[in-house]
Amino acid sequence: MRNVVSFVVGSLFGIGLLISGMTNTNKVQGWLDIFGAWDPTLAFVMGGAIIPMAIAWQLTKVRKPVFADSFPTPPAPQIGRNLVIGSTLFGMGWGLAGLCPGPAIASLSFGGSGGIVFVLAMFAGMLGAPWVRTRLDQMASSS
């Protein structure tokens with residue numbers, strides 16, 4: 001049953017990405033181009049995600065999940081080196097390519113070499129990230 005629910009939710013997410021325009025790299029880059037041809041429409045997409053999620057986090061305090069033993073706890077709000085480096089790299093990739101991981105995977109379904117290159121680079125980054133983090137931690141501890 002869990003796989004069925006995951007499939008339905010993932011499909012709904014992918015359809016939402018397509019309808020909202022998050023898989024359209026020009027639309028995403030237009031959202032990020034605040035000093036040029038700015039396209040504010042993705043603010044509604046973000047609001048449409050943030051508002052229900054804020055409500056869902058409040059509901060997790062008084063309810064129990066249907067398909068699990070407990071809800072995950074919210075992450076601790078800590079700003080550190082890893083968060084700053086990771087979010088900077090994420091933002092650079094999002095701005096340059098106009099894709100982030102979810103929309104990139106959804107874009108594979110309708111072709112395009114740009115999406116394939118992005119996903120391959122994303123997986124290479126995921127494989128290389130532990131090595132880079134180990135090196136950064138070693139450099140931080142030695143200084």
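## Salt bridges and helices in a predicted chain

Reader: Which residue meets K27 in a salt bridge, with what N to O distance?

Author: This is a predicted model, in which local features need pLDDT of at least 70 and side-chain atom pairs count only at pLDDT 80 or more, while totals for chains, interfaces and linings use all residues. Residues are numbered from 1 along each chain as its sequence is written, and side-chain values use heavy atoms, with hydrogens and water left out. A salt bridge is defined as a side-chain nitrogen of Lys or Arg within 4 Å of a carboxyl oxygen of Asp or Glu. The side chain of K27 meets such a partner at 3.2 Å, N to O, and that partner is D39.

Reader: Where do K27 and D39 lie, and how many residues apart are they?

Author: K27 belongs to helix α2, whereas D39 sits in the loop between α2 and α3 (42-59); helices here are DSSP runs of H or I with at least four residues, strands are runs of E with at least two, and both are numbered from the N terminus. The pair thus links distant parts of the chain, and its separation is 12 residues.

Reader: Is K27 buried, partly exposed or exposed?

Author: Buried means under 20% relative accessible area, exposed means over 50%, and partly exposed is in between, using a 1.4 Å probe and protein chains only. Because its relative accessibility is 23%, K27 counts as partly exposed.

Reader: Which residue forms a salt bridge with R81, and why does the pair tie together parts of the chain?

Author: The closest N and O atoms of the R81 salt bridge are 2.4 Å apart, and the partner is D137. R81 lies in helix α4 and D137 in helix α6 (residues 113-142), so the pair ties together parts that are 56 residues apart in sequence. R81 has 33% relative accessibility and therefore counts as partly exposed. D137, also given as partly exposed, has a relative accessibility of 33%.

Reader: At what angle do helices α2 and α4 pack?

Author: Axes are lines fitted to C-alpha atoms, for helices over the stretch in contact, and angles run from 0 to 180 degrees between N-to-C directions. The axes of helix α2 (residues 25-32) and α4 are 8 Å apart, and the packing angle is about 120°. That makes α2 oblique to α4, because angles under 35 degrees count as roughly parallel, over 145 as roughly antiparallel, 65 to 115 as roughly perpendicular, and the rest as oblique. The angle asked for is about 120°.

Reader: How many helices does the chain have?

Author: Read along the sequence, the chain follows the pattern α-α-α-α-α-α. Its secondary structure comes to zero strands, and the number of helices is six.
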